[in-house]
Amino acid sequence: MSLFPWFLGDAGFTFAVDPLSCWFLAIIGVAGLPALIFAPGYLQHLRHRVSLSLVWVALILLMISMAGVVMAANAILFLVAWEVMALSSFALVTADHERRDSRRAAIIYLGATRAGTAFLMIGFLWAHHLTGSWVFSEWGISGTGALAPALLIFAGLATKAGCWPFHLWLPIAHPAAPAPVSALMSGVMIKTAIYVMIRLFVLDNHFVVPLLGPILLVLGAISAFWGVLFALLQHDLKRLLAYHSVENIGIILMGLGVSLLGRQHHLPLLEQLGLAAALFHTLNHAIFKSLLFLGAGAVDACTHLRDIEKLGGLVHRMPWTTGAFVTGSAAICALPPLNGFASEWLLYQGFFKLAMDGPSVGLRFGALLLMGWLALIGALAIACFVKAVGVVFLGNPRSRRAERATEAGRGMVVAQVLPAVMCIALGVAAPAVLGQLGRITSRLGDPSLLYHAWTIPLTLIALLLACTVGGLAMWVAALSRSLPARRFITWECGFGDLGPRTQYTATGFAQPISRIFGAVYSYTVDINVKGRNRRYFPDKVTAETAHEAYLETKVYTPLLQSIKRMAGIFLMRLQAGSIHQYLIYMALMLGLLFWVGVS
Amino acid sequence: MGGGELMNSLFLSVLHLINLLLLPLLLMGIIRKAKAVMQNRIGAPLLQPFYDMAKFLHKTETISENAGWIFIWTPRVGLAVAVIAAILVPWTGVLLPPGWAPATNFLLMLYLLTLGKFFTMLAALDTGSAFGGLGASREATISMLAEPALIIALGALALGAGSTDLMAIYSSPASPFIALLAGAGMVITALAELSRMPVDDPTTHLELTMVHEAMILEYSGRSLAMIEYATALRTCIFFGLAVQTLLQAWPVFHALPLLLHYAASLLGLVVLGISVAVAEGILVKLKWRSVPNFLTFAVVLSLLAAVIAAVQS
């Protein structure tokens, strides 16, 4: 569909909308709506520090550019939309620029997007060189020549998506933005990279690279584990959620990997199951992740706290936010009958089919192993969200601010309840979603395969669950009429009043698991005792825990240091600040362009 | 529907009712009695769990002032989930008509039971008691170690049946090696999931050392009754699945006539219950730091089963 026949180099200003684009447009809408309902109420508490007009302009630009990315028909237009998306979200990350960590996050984010776009540009140029076209639908690259451009494009997309090992910027940048923006960035923006992966590598034969299936599967498996493990270690609520985005991107990538393996080994059911799992999980994650970020935003707006160690007891003060957050947590932990379970079940089924029909013993065993891996990730996610919900919303308030919290405004509550209802609806009505997905996966082959693959009666189970819980509640209500329950203090072993400090902390909750996986990071506990007679009567005891991933300390830090050093040696000579030098560069560039144009 | 069919379905319904109402508490009684015998005590009567239930229902419930809706609704959700799973999971052999097979999907069942666990852990944190946090943290750690082993073991079994529905798995023959390895792994994971020795000792005098009991410390009265009943049901489900898997190693087991099949399953369940009691009598509780090592056995056993399944299929 060519909307505007403007001329832009070789490539027109053209859009193409097919079922895949529609799916992602729906995701942008479904996750964007609650974020936009939430924003006016939320931004009120930031109005002294943040320019609201800048936030709104950038927010609208971000929405439009995301729609542009998923509709662009050629690489040039795509890159334009991609850059607008990156820069508008950069403006949003930097919105709260009076805070030092916001500025640092913005710079890191900008660096990551530059690196990602650089990879993407080289890949696109290479693809253009091989095919002579900028239009995606005209690309058909296979054989050994396809590997390098495909890997470059994949690296660029993986940087945007936050896939391990390109994820470092994500948990820094996403939490720094205002909550509705974090919701959009984590819920939707990183999914545009998934869209391009599906468009170029999975759905049509634009790139036929057999190696990509195993790569996606392995990187996805590592990302998912890495994300959830580091989420468990966080005590900044928004950073915890950002790490969960790394986890869920990993789960989505595993689905795509299964799909590619299915194509490679001519297993059409596997191909469709993997793609359907990935697409469904993309939608689900957009919903529950934006819900959870909005919940974190509501807590932030009402208590001005993001450190979960200072929160607690909000279930009595913010009941609606708590209810929505618990629903979102159950959904992200893949608990039935919510939507997260439906998509993860499809992925499990994909692994199982791979284990059954895989052509080699290694592949079959690997698929069984991945089932266990997914179970491990699910159990870690449950640990993490029990920690988050338990410490933020349950127990006793751990600070005065948490004690004085009140429920968020009406708009903010509506914005959270809406996606919570969607989490339930999409789980119970999963077959209907699969019908829509069939329109996309039918491009791969027979559309009816998905219906046969979806066997579990999730709706029936949900109904049974509701009836049984309801019946038990009625029975208890009948019993309480003759024997009412009494309210009394929590058991304190007879030692007197329980203070908020006697509760488990988030760090304490995560400690057993963080000790088990100590091989991936250095976990240090620094205990500091102060006072004149420190040994017997300390005035103040503080304990600080820190963890640093070896990936960061041993790989990225030296790499960045050496880049800085190289820049100090070479780039300084090139950009010495002398106007004569710059004039020479311009003349040389003009000459080069002239030569390229003539030859 | 013919007369014979009607009789058959009536008979199956009766078996189901026995499974749901009688067996869980009876199994708990048997385990307790066997444990008492191991310790040279007379022990409580076999039917003590039933008396306990009746006692809980007649006691006033005390709810912590600090507790919110999660604490109050958790026993109901936990029991509902356990009842649904106990109806669907074929823990005394396949009793449901074939049309129910898709509902017995093992991933659905395990995640459904996890829903109950999720709420139990949250409820433990709801009262603001330090014990609750302690229990919940440990429960999360244990299930993180146990669940992968369970899913790999069941996945290896499912490969032989070609389906992830538990009914399909347990009504088709399995390779004896896979059944033995997966079954052994499942016994270990069941001990962990059910908070039994040597992972957790539910009978010490100190809540500090417990996992499951520390989580439910604040419950009393009818809520405690619901939780205890759900625990009994979960015990039957996990032990029953392990027994069914081990019995799969007996080549004719899946083809036995219904009544014999049921009797063999019950016998297996009782034998496993008594063995657990014997083990609890002679073992000591593991140090908390050694629990991951113990559960590694389960992971290794399931992985071996998975290797054999991958080679054979």
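I started with the domains: the C-alpha centres of domain 2 and domain 3 of chain A lie 45 Å apart. I note that this is a predicted model. The assignment for chain A puts domain 1 at 4–463, domain 2 at 507–550 and domain 3 at 553–598.

Next I looked up the interface. I found 62 residues of chain A in contact with 64 residues of chain B. On the chain A side, helix 11 (314–317), helix 13 (339–357), helix 14 (361–393), helix 19 (458–482), strand 5 (486–488) and helix 20 (506–516) each supply at least two residues. Helix 14 of chain A gives the largest share, with 16 residues. By class, I have 48 nonpolar, eleven polar and three charged residues on the side of chain A that touches chain B.

I then checked strand pairing between the chains. Strand 5 of chain A runs parallel to strand 1 (residues 62–64) of chain B, and three bridges join the pair. For A:Arg486, I recorded B:Thr62 as the bridge partner in strand 1 of chain B.

My last entry is on helix packing. Helix 20 of chain A packs on helix 5 (residues 130–161) of chain B at about 30°, and their axes are 9 Å apart. Angles under 35 degrees count as roughly parallel, so I logged helix 20 of chain A as roughly parallel to helix 5 of chain B. The crossing of these two helices is right-handed.

Methods: Residues numbered from 1 in each chain as written. Chains lettered and ligands numbered in written order. Predicted model: local features only at pLDDT ≥ 70, side-chain atom pairs only at ≥ 80, totals over all residues. Contact = placed C-beta atoms within 7 Å. Helix = DSSP H or I, 4+ residues; strand = E, 2+ residues; numbered from the N terminus. Nonpolar A, V, L, I, M, F, W, Y, C, P; charged D, E, K, R; others polar. Pairing = 2+ DSSP bridges. Domains from an automatic or database assignment. Axes fitted to C-alpha atoms, helices over the stretch in contact; angles between N-to-C directions. Parallel < 35°, antiparallel > 145°, perpendicular 65-115°, else oblique. Left-handed = near helix turned anticlockwise from the far one by under 90°.
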